[in-house]
Amino acid sequence: MCNTWQSGTRTLRLVQPLDTLGRPIRDLRISVTDRCNFRCTYCMPKTVFGQDYRFMDRKELLSFEELERVARAFVELGVEKIRLTGGEPLLRKEIEQLVARLGTIGGLDLTLTTNASLLARKAEALRDAGLDRVNVSLDSLDDATFRAMNDVDFPVARVLAGIDAAAGVGLAVKVNAVVKRGVNDAGIVQMARHFRRTGHSLRFIEYMDVGATNGWRLDDVVPAGEIVERISAVFPLEPVDAAYRGEVAQRFRYRDGSGEIGVISSVTQPFCGDCTRARISAEGKLFTCLFAVRGTDLRALLRGGANDDELREAIAGVWSRRTDRYSEVRTERTSRAPRIEMSYIGG
Ligand code: SAM
Ligand code: SF4
Ligand code: SF4
């Protein structure tokens, strides 16, 4: 595949790399911080990420200038979608300045995933910087359940206020809920009822064995098929065709036209065959799978004086050697293998 690119007065023809399974790079998730003000039990459990956990120093993080350079290199190699994530991305100081910088790269779908704790305060600045859309994580509408899941006693009402503030300034909102059996699955239908007719797309995510600290067990996973059945029994649903190759969520619409939901079935129906995602950690390591153990240090290249061609070549080389398909080969045994935490690699 080829991509034409304007560099000064030259028009470059760049080859877009395919990995060993023929997959292009289309999506880039950038973790802008490994810090978070929540301790969601399925992501950063307190017992591990307590007082003693070492988070990165500011100088270890890629600067906004470095992130823009990296983003441009990825776009030249085929990336069409960038999602800012973390940790909690709104904790990164002046994140709106990064949004504005990335907005200068044309033709990009730019979004941000957040726990919404700071969204009411930040929504307008993010919109003004050029952001179109936010993905808000909200696992339950039941206050006690939500406070227990975020494990910092954060109330549901403030997340809902964040969603309203975002919608109020014109940002499109998607709401993502991780479902864990016996913890929040009793509230699935309540979530569906609440977000029907709001225009906010609601997506349920199967609980995954990311990282090595959440004590994941297959029995804790509520299969996406069961989630759809439970909602459809109350609000009948029908499937919607995928909008594009590599769409992560399987979508369903309410038969009465009151909106749609999505399910992300990474455990029960893996979609590695269409996985076009790369991830950059906050300190600039490139990972080609959420379940990777090792990353490639792009920060060393950037700070070592690599030019844009060298940067692109390094990324293309890593991508063309990619063999990842973890979710297709997952077992209880592989889920106990060492790997990077999601708060570090970027969810
Ligand atoms: N802090 C932000 C947030 O929560 O939206 C962004 C980072 S968070 C790591 C990104 C997404 O990963 C969230 O939607 C979160 O629910 C999801 N996530 C974290 N741990 C997960 C797990 N074990 N299984 C499935 N999704 C998970
Ligand atoms: Fe923080 Fe997001 Fe992980 Fe929850 S899911 S601990 S909000 S990074
Ligand atoms: Fe992509 Fe890895 Fe997830 Fe498979 S397991 S969909 S390759 S990130």
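**View 1. Who sits around ligand 1?** Out of 19 residues around ligand 1 in this predicted model, the nearest are Gly87, Thr113, Ser137, Val178 and Met208; "around" here means having a heavy atom within 4 Å. The shell splits into eight nonpolar, nine polar and two charged residues. (Ala, Val, Leu, Ile, Met, Phe, Trp, Tyr, Cys and Pro count as nonpolar, Asp, Glu, Lys and Arg as charged, and the others, Gly among them, as polar.)

View 2. For Glu88, an N or O atom in the side chain is 3.2 Å from a nitrogen atom of ligand 1. At Met208, a polar backbone atom is 2.9 Å from a ligand nitrogen. On its own ligand 1 exposes 550 Å², and the protein buries 95% of that (Shrake-Rupley method, 1.4 Å probe).

**View 3. Asn115 in its loop.** Look between strand S5 (109–114) and helix H3 (119–129) to find Asn115; strands are DSSP runs of E, at least two residues, and helices runs of H or I, at least four. Asn115 has a relative accessible area of 7%, so it is buried (under 20%, with a 1.4 Å probe and protein chains only).

**View 4. The shell of ligand 3.** Among the residues around ligand 3 are Cys272, Arg279 and Tyr326. By class, this shell has seven nonpolar, one polar and four charged residues.

Residues are numbered from 1 along each chain as written, and chains are lettered from A and ligands numbered from 1 in written order. In this predicted model, local features need pLDDT of at least 70, side-chain atom pairs count only at pLDDT 80 or more, and totals for chains, interfaces and linings use all residues, while side-chain values use heavy atoms, leaving out hydrogens and water.

Terms used. Buried means under 20% relative accessible area, exposed over 50%, partly exposed in between (1.4 Å probe, protein chains only). A polar contact is a pair of N or O atoms within 3.5 Å; within protein, one must be able to donate a hydrogen and the other to accept it, and residues adjacent in sequence count only if both atoms are side-chain atoms.
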